[in-house]
Amino acid sequence: MKDMVCYIVIAIMGLVIGRFLNVLISKLLGKRYTLFSESFCPSCKSAKKFYDNIPLLSYIFLKGKCRSCKEKISVRYPIVELLTVFLFVTSFYFYGISFYLLLSMIMIS
């Protein structure tokens, strides 16, 4: 039971960090160098609500489309988040709670 809780916590951390990595990727690709600017749809430029930024769940609930203009959202977002979760959980499987897990998570990110 204790291990299952750890896996869930690591998976949630992977989702959150995966979302943050997506923000970094989109800011750098869009050549917007301010990290703390508001998220918006690249097509219609409408601001995203906070609940539209929930890792993976918002993509599923919105069916991969913008809430405002219904334009498709890149599949890159859920892929980065799921890949981060998978790699974090795999690292936890091999290293457990350890310094090596922390190093692995940093290197994955």
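Modeller: Let's look at helix H4, which covers residues 99-108. This is a predicted model, so please read everything below as a description of that prediction. Within H4, three residues are buried: Leu101, Ser104 and Met105. Looking down the axis of H4, you would find these buried residues within an arc of 100 degrees, so they line one face of the helix. The spacing has a simple background: an α-helix has 3.6 residues a turn, so residues three or four places apart point the same way.

What do the buried residues of H4 pack against? Their partners are helix H1 (2-29) and helix H3 (76-95).

Next, go to the start of H4. There, Ser98 has a side-chain oxygen that comes within 3.3 Å of the backbone nitrogen of Tyr100.

Finally, step back to the whole chain. It has 4 helices and 0 strands, in the order α-α-α-α from the N terminus. The C-alpha atoms fill a box of roughly 45 × 30 × 20 Å along the principal axes. Of the chain's 109 residues, 27% count as buried, and Leu101, Ser104 and Met105 of H4 are among the buried ones. The accessible surface comes to about 7800 Å², with 72% of that belonging to carbon and sulfur atoms.

Technical notes. Residues numbered from 1 in each chain as written. Predicted model: local features only at pLDDT ≥ 70, side-chain atom pairs only at ≥ 80, totals over all residues. Heavy atoms only, no water. Buried < 20%, exposed > 50% of the residue type's maximum accessible area, 1.4 Å probe, protein only. Helix = DSSP H or I, 4+ residues; strand = E, 2+ residues; numbered from the N terminus. Arc of directions from axis to C-beta. Contact = heavy atoms within 4.5 Å. Polar contact = N/O pair within 3.5 Å; in protein donor to acceptor, adjacent residues only side chain to side chain. Areas by Shrake-Rupley, 256 points an atom, 1.4 Å probe, with all protein chains shown as cover.
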